[in-house]
Amino acid sequence: MVENRLDSKILASLIDHTQLMPFATKEDIKNLCKEATELGTATVCVNESRIEEAVKFLKEFNDKNNSDVKNESNIKKGLKIKVCGVVGFPLGSATTNIKIASAIDAIHKGAEEIDMVVNVGFLKDVMACKNEENYESKRTKLLKRFEQDIEAVMEAIDNYNQENSTNIILKVIQENCYLTEEEVKIATTTIAKLAGNFKLKVFAKTSTGFGVPKKGPVDKEDVGATVHDIELMRKAIDEVTKKTEDNEIKYEYIVGIKAAGGIRDKETTLKMMKAAGCFIEDDSDENNDEKEYKLVDNYKELVRIGASASREICKE
């Protein structure tokens, strides 16, 4: 089974340990950072106003671990857990300039990763004009508006990286619970194409976890990530980034996928990782009817998991 090739450390290293509730207190953020340090997650993901507190708490817990030489179980000594801040969250309806300002402000406060929500309404405008006259012309114009909102934030962070020798990561939230399959493909393809214009690392992210699909325009029940959506997104990204040269498959650049919303256990996490392309089949035992998988070398570039149930996911 896939599980046999993994351990809790690997799983934890892929998780953005998340607390984005509007009623979260300072103590909640402290507990989030404590758990993240104990587990060894990639980041803690918090609202903008809590970024500085998260940076402070992570430093305190990290310093304590590094000085606690008597704690033999402290396998996370020296671990650098980053802070991820959300922008345009959760609706994505803020103006582009506000998103840019929020992203740079979050970075100044200590965030090293940014999760930014697309303008879902702009994407819906693209699809809404299907039956109108001059459809192609209108579609091109409206799609450009959707693209520019994303591109401007990418460019701002990319410029910041180059000017400050940093490696800020951007994750672009599509909010799939409001999108048709066609719209999921358009959103992911747009993100993947735009990422090729910049040097910064980019992930396409499924969801905020705060969507209300029952009130949306698409007949969906899942608020967060689904395996089907991850498969659609991986295929869309590959169509942009994967090339064949001399019968050899190569990638011009890597765009990852962040699965978020409703992921509460290890089994679901592994399904998301497989759909994102993190595993390759191991055919070493041809007589084994139950295929095993192993991680591809660049699995950390391919997937990130957004979750608040990180401890449950990382259970041995």
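**Strands and a covering helix**

A: In this predicted model, strand E1 (residues 15-19) and strand E2 (residues 43-46) run parallel and are joined by four bridges. Gln 19 has Val 46 in E2 as its bridge partner.

Q: Which strands make up the closed barrel, and how do they pair?

A: Strands of a sheet pair through backbone hydrogen bonds, either parallel or antiparallel. Here eight strands form a closed barrel in the order E1-E2-E3-E4-E5-E6-E9-E12, and the pairing is parallel. On average, neighbouring strands of this sheet are turned by 25° against each other, direction ignored.

Q: Which strands does E9 join?

A: Strand E6 (residues 202-205) runs parallel to E9 and is joined to it by three bridges; there, Lys 205 stands opposite Lys 258. Four bridges link E9 to strand E12 (residues 303-307), also in parallel, with Gly 306 of E12 as the bridge partner of Ala 260.

Q: Which way do the residues of E9 point, and are they buried or exposed?

A: In a regular strand the side chains alternate between the two faces of the sheet. In E9, Gly 256, Lys 258 and Ala 260 point one way, Ile 257 and Ala 259 point the other way, and all are buried.

Q: Where does helix H7 lie, and what covers its buried residues?

A: Helix H7 (residues 181-195) lies across E5 and E6, running at about 175° to E6. Its buried residues include Val 184, Ala 187, Ile 191 and Leu 194. Among the elements covering them are helix H6 (135-164), strand E5 (169-173) and helix H8 (227-241).

Conventions:
Residues are numbered from 1 along each chain as its sequence is written. This is a predicted model: local features need pLDDT of at least 70, side-chain atom pairs count only at pLDDT 80 or more; totals for chains, interfaces and linings use all residues. Side-chain values use heavy atoms; hydrogens and water are left out. Buried means under 20% relative accessible area, exposed over 50%, partly exposed in between (1.4 Å probe, protein chains only). Helices (H or I, at least four residues) and strands (E, at least two) are DSSP runs, numbered from the N terminus. Two strands pair if DSSP finds at least two bridges between them. The expected span of a helix is 1.5 Å times one less than its number of residues. Contact means heavy atoms within 4.5 Å. Axes are lines fitted to C-alpha atoms, for helices over the stretch in contact, and angles run from 0 to 180 degrees between N-to-C directions.
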